[in-house]
Amino acid sequence: MASAKIKKGDTVVVLSGKDKGRTGEVTKSLPKDGKVVVSGVNIATRHRKPTQQNPQGGLERTEAPMHVSKVAIADPKDGKPTRVRFETKDGKKVRVAVKSGETISG
């Protein structure tokens with residue numbers, strides 16, 4: 001159930017892979033697949049032939065989804081990766097950073 005802990009708009013840190021250590025904002029969450037799309041991270045390049053819609057052709061760069069286990073939410077206090085837990089505050093269920101105890105907005 002890790003996908004519920006990371007939502008669209010969250011700032012995350014990449015934990016593994018070629019983009020390790022990079023931060024970005026989650027632009028799309030795919031909870032059924034257990035994946036997220038992070039802006040500026042995991043760029044996939046495709047070589048496109050010229051078509052009538054795109055007469056120039058060339059390289060097409062897009063952000064590819066990456067597994068949710070490869071990212072962690074950035075701590076609101078210091079920006080380092082942290083785990084998330086849920087707490088009840090004022091009768092509402094909120095996400096809290098384990099490292100600093102800060103409430104995560106969203």
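Author: Let us begin with one side chain: Arg-48 has a relative accessible area of 35%, so Arg-48 is partly exposed, a class lying between buried (under 20%) and exposed (over 50%), with a 1.4 Å probe and protein chains only. Please keep in mind that this is a predicted model, in which local features need pLDDT of at least 70 and side-chain atom pairs count only at pLDDT 80 or more, while totals for chains, interfaces and linings use all residues. Residues are numbered from 1 along each chain as its sequence is written, and side-chain values use heavy atoms, with hydrogens and water left out.

Reader: How should I read a salt bridge, and how many does the structure hold?

Author: In general, side chains of opposite charge can pair when their charged atoms come close. The working criterion is a side-chain nitrogen of Lys or Arg within 4 Å of a carboxyl oxygen of Asp or Glu, and the structure holds four such salt bridges. One of them joins the side chains of Glu-60 and Arg-48, at 3.4 Å from N to O. This pair links distant parts of the chain, with Glu-60 in strand 5 (residues 58-63) and Arg-48 in strand 4 (residues 43-48), 12 residues apart; strands here are DSSP runs of E, at least two residues long, and are numbered from the N terminus. Glu-60, with a relative accessible area of 31%, is partly exposed.

Reader: Which residue meets Arg-85 in a salt bridge, and how accessible is Arg-85?

Author: Its partner is Glu-87, with the side chains meeting at 2.9 Å from N to O. Arg-85 has a relative accessible area of 36% and is therefore partly exposed, and Glu-87, at 27%, is likewise described as partly exposed.

Reader: Is the pair of Asp-10 and Arg-95 buried or exposed?

Author: Both Asp-10 and Arg-95 are buried, and Asp-10 counts as buried because its relative accessibility is 7%. The two form a salt bridge in which the closest N and O atoms are 2.8 Å apart. That pair links distant parts of the chain, since Asp-10 lies in the segment before strand 1 and Arg-95 in strand 10 (residues 92-97), 85 residues apart. Contact, meaning heavy atoms within 4.5 Å, widens the picture: beyond residues up to four places away in sequence, Asp-10 touches Lys-5, Gly-24, Glu-25, Val-26, Ile-73, Arg-95, Ile-104 and Ser-105.

Reader: How are the strands arranged in the open sheet, and which strands lie at its edges?

Author: Two strands count as paired if DSSP finds at least two bridges between them. The open sheet has six strands in the order 6-3-2-1-7-8, with antiparallel pairing. Its edge strands are strand 6 (66-67) and strand 8 (81-82), each of which pairs on one side only. Within the sheet, three bridges join strand 1 to strand 7 (residues 71-74), the two running antiparallel, and Val-14 stands opposite Val-71 in strand 7.

Reader: Where is Asp-75 placed, and what does its side chain contact?

Author: Asp-75 is in the loop between strand 7 and strand 8, and its relative accessibility of 3% is why it counts as buried. Its side chain makes a polar contact with the side chain of Ser-100 at 2.8 Å; such a contact is a pair of N or O atoms within 3.5 Å, where within protein one must be able to donate a hydrogen and the other to accept it, and residues adjacent in sequence count only if both atoms are side-chain atoms. Leaving aside neighbours within four places in sequence, the residues in contact with Asp-75 are Lys-80, Thr-82, Ala-97, Lys-99 and Ser-100.

Reader: Which residues does UniProt list for "domain: KOW"?

Author: An unreviewed UniProt entry lists residues 5-32 under that name; such positions are given in the numbering used here, feature names are shortened, and annotations may be inferred rather than shown by experiment. In the model, residues 5-32 are 0% helix and 43% strand, with the end C-alpha atoms 14 Å apart.

Key: Helices (H or I, at least four residues) and strands (E, at least two) are DSSP runs, numbered from the N terminus.
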